[in-house]
Amino acid sequence: MTVKDDVREFLITRRAQVTPGEVGLADVGGDRRVPGLRREEVAMLAGVSVDYYTRLERGNIRSASESVLNAIARALLLNDLEQEHLFDLARRAGASGLSVAQVRQPRAVRESVQRVLDSLALPAVVYNAPHDIVAANEAGRALYVIHFDTDTRPNIARTTFLDPRAQTFYADWAQARRMTAAMLRLEVGRNPLDEELTALIGELSTRSAHFRQDWAAHDVHEHRSGVKTFNHPGVGAIQVAFDGWQLPGEDGLSIVTYSAGPGTPDADRLALLPAWARSRHEVSLDGQPAKVDEPTP
């Protein structure tokens with residue numbers, strides 16, 4: 001898709017998600033032919049003409065100023081990530097005063113960062129914009145076991161959409177897919193010149209109908225915090241809280257840690273992960289894999 005296509009689809013999908021009541025408009029028009037707001041309603045809320053907004057929604061965003069983009073963002077109730085994405089699209093289109101910068105994706109972390117990861121008892125992974133896992137500690141590798149079960153660099157997006165095991169590994173695979181696609185959409189907006197990221201999107205679009213469906217939603221997302229459940233092949237179902245942030249001093253890298261409440265069965269299962277991982281590489285005297293005790297519920 002061209003940037004004009006991306007702008008058009010993004011604005012249309014955002015407009016469809018806003019109801020008149022959410023922006024203080026009475027729905028007096030009877031049956032609405034489109035979900036969400038009409039173009040003329042967005043134009044009124046943003047303080048621009050209907051013709052001008054229509055041109056913007058058709059992808060002709062080059063003439064848009066920062067103040068106009070902010071007004072459109074307010075009218076469409078965009079959150080901070082969606083507003084950032086709108087500005088990223090404007091930069092790609094060459095809007096006045098906005099420029100696109102190319103960022104090279106990091107492939108590793110500093111030795112000191114790896115030492116910090118290794119000192120953590122909790123699972124932790126570090127990934128870049130194309131979702132390559134560039135670093136992890138022992139517990140993180142054990143938690144993301146299916147992602148590391150590859151002959152190439154582990155990639156969260158590729159495993160999520162293309163590895164059949166992901167459908168059961170993630171308790172809510174549909175949500176995991178949507179969030180992954182939305183995170184990639186945000187990263188493409190931030191760094192549209194990244195050839196590896198572009199190639200990954202092309203590969204997933206070609207090989208996965210689910211990715212094409214999720215990508216078409218034009219959602220954007222950033223992993224900050226939340227709760228997810230893994231159906232881990234070694235220790236069973238684990239519900240964990242995750243916290244993510246940009247890794248200080250490492251542009252383009254994000255770290256995510258996973259934890260559970262002290263004394264809970266989930267915490268017990270998390271604590272078992274390193275021993276379980278080591279047991280996969282050990283063989284007992286009778287030729288069978290070493291056994292790891294199951295946690296007490």
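Guide: Start with burial: buried means under 20% relative accessible area, exposed means over 50%, and partly exposed lies in between, with a 1.4 Å probe and protein chains only. This is a predicted model, in which local features need pLDDT of at least 70, side-chain atom pairs count only at pLDDT 80 or more, and totals for chains, interfaces and linings use all residues. Residues are numbered from 1 along each chain as its sequence is written, and side-chain values use heavy atoms, with hydrogens and water left out.

Now the rings. Rings of Phe, Tyr and Trp (its six-membered ring) pair if their centres lie within 6.5 Å; planes under 30 degrees apart count as stacked, over 60 as edge-to-face and the rest as tilted. The structure holds eight aromatic pairs. One of them joins Phe-169 and Tyr-170, edge-to-face, at 5.1 Å centre to centre with 85° between the planes. Phe-169 and Tyr-170 are both buried.

Another pair is Phe-230 with Tyr-258. This one is edge-to-face too, with 5.9 Å between centres and 75° between planes. Phe-230 lies in strand E3 (residues 225-232) and Tyr-258 in strand E5 (residues 254-259), so the pair ties together parts that are 28 residues apart in sequence. Strands (E, at least two residues) and helices (H or I, at least four) are DSSP runs, numbered from the N terminus. Both Phe-230 and Tyr-258 are buried.

Tyr-144, Phe-169, Tyr-170, Phe-230 and Tyr-258 form one aromatic cluster.

Next, charges over rings. A charge sits over a ring if NZ of Lys or CZ of Arg is within 6 Å of the ring centre and within 35 degrees of the ring normal. The charged end of Arg-185 sits over the ring of Trp-215, 3.8 Å from the ring centre. Lys-228 lies over the face of Phe-242, 5.0 Å from the centre of that ring.

Strand E2 (residues 133-136) holds Val-134. Val-134 has a relative accessible area of 15%, so this residue is buried. Contact means heavy atoms within 4.5 Å. Leaving aside neighbours within four places in sequence, Val-134 is in contact with several residues, among them Pro-106, Val-126, Tyr-127, Arg-153 and Leu-253.
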